[in-house]
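Dear colleague,

Please find below the structure that I am handing over to you. My notes on what was found in it follow directly after.

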Amino acid sequence: MVVPRARHSHSRDRGCLSAAVGHVEIRSLVNGDVLARIRLSPRPVVLVDGGSGSGKTTLAPGLAHALDAQLVRLDDIYPGWDGLEAASAHVKEFVLSSDPRWQRWDWTADAPAEWHLLDANRPLVIEGCGSLSRANRQLATFGIWVELDAESRKIRALERDGDAYAPYWDRWARQEAAFAEREHPQLLADLIIDGDVLPEFG
């Protein structure tokens with residue numbers, strides 16, 4: 001989870017890729033093999049999930065650029081520090097609906113903010129903890145899980161967000177654990193990426 005700037009005032013992701021269909025080396029992804037698989041869909045819709053600090057936020061923009069896709073970040077949708085489940089449901093109800101859209105959460109006002117419309121004909125990348133649920137995967141065309149051990153993730157996340165995140169790490173981690181236990185996102189993923197060595201798209 002990346003702490004938005006507005007959230008700061010509240011003190012508020014091994015060198016290989018392994019896919020569900022087999023082992024895929026990083027150079028294969030960079031060279032476009034996995035991108036070609038994603039593009040098999042007329043309108044790719046990709047879910048990028050993983051624990052906080054695993055590397056999702058670094059991976060997703062490059063993937064969206066390579067696909068010429070719209071990018072939706074759950075960090076802009078979570079309704080507060082207890083909002084993982086609500087944001088996951090928001091993806092199914094609104095982002096992946098026939099009339100795709102999402103509503104921003106205003107962390108300063110602690111209230112829902114404006115709606116953002118999405119183009120139902122353009123590719124879409126949805127990034128964030130809670131995106132790769134069973135319900136969401138049924139409506140998407142591809143799922144990616146970014147794997148990294150909890151200790152490394154915590155170090156990375158707190159180096160990135162510092163004191164704004166530290167008081168909430170355990171609180172957020174409990175929600176991630178509950179989601180993972182129920183949904184098993186790693187098993188839903190078409191591709192598992194090692195967060196220590198993220199691929200570059202281009």
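In helix α5, which spans residues 84-95, the buried residues are Leu-84, Ala-87, Ser-88, His-90, Val-91, Phe-94 and Val-95. Buried means under 20% relative accessible area, exposed means over 50%, and partly exposed lies in between (1.4 Å probe, protein chains only). Helices (H or I, at least four residues) and strands (E, at least two) are DSSP runs, numbered from the N terminus. An α-helix has 3.6 residues a turn, so residues three or four places apart point the same way. The buried residues of α5 pack against several elements, including β5 (101-106), β6 (111-117) and α8 (169-183).

Residues are numbered from 1 along each chain as its sequence is written, and side-chain values use heavy atoms, with hydrogens and water left out. The protein chain has an average pLDDT (the predictor's confidence in each residue, from 0 to 100) of 86, and 83% of the residues score at least 70. Over residues 3-31, however, pLDDT stays under 50. Where pLDDT is low, the predicted coordinates should not be read in detail.

**The nonpolar cores**

A nonpolar core is a set of buried Ala, Val, Leu, Ile, Met, Phe, Trp, Tyr and Cys residues joined through side-chain atoms within 4.5 Å. The largest has 29 residues, and Val-72, Val-95, Ile-126 and Trp-172 are among those with the most contacts inside it. Helix α5 gives the most to this core, with four residues. A second, separate core of 17 residues includes Val-46, Val-48, Leu-59 and Ile-193.

Lys-56 lies in helix α4 (residues 56-67) and counts as buried, at 1% relative accessibility. Its side chain reaches the backbone oxygen of Gly-50 at 3.2 Å.

Asp-149 is found in the loop between β8 (142-147) and α7 (150-161); at 38% relative accessibility, Asp-149 counts as partly exposed. A polar atom of its side chain lies 2.8 Å from the backbone nitrogen of Ser-152.

Yours sincerely

Key:
This is a predicted model: local features need pLDDT of at least 70, side-chain atom pairs count only at pLDDT 80 or more; totals for chains, interfaces and linings use all residues. Contact means heavy atoms within 4.5 Å. A polar contact is a pair of N or O atoms within 3.5 Å; within protein, one must be able to donate a hydrogen and the other to accept it, and residues adjacent in sequence count only if both atoms are side-chain atoms.
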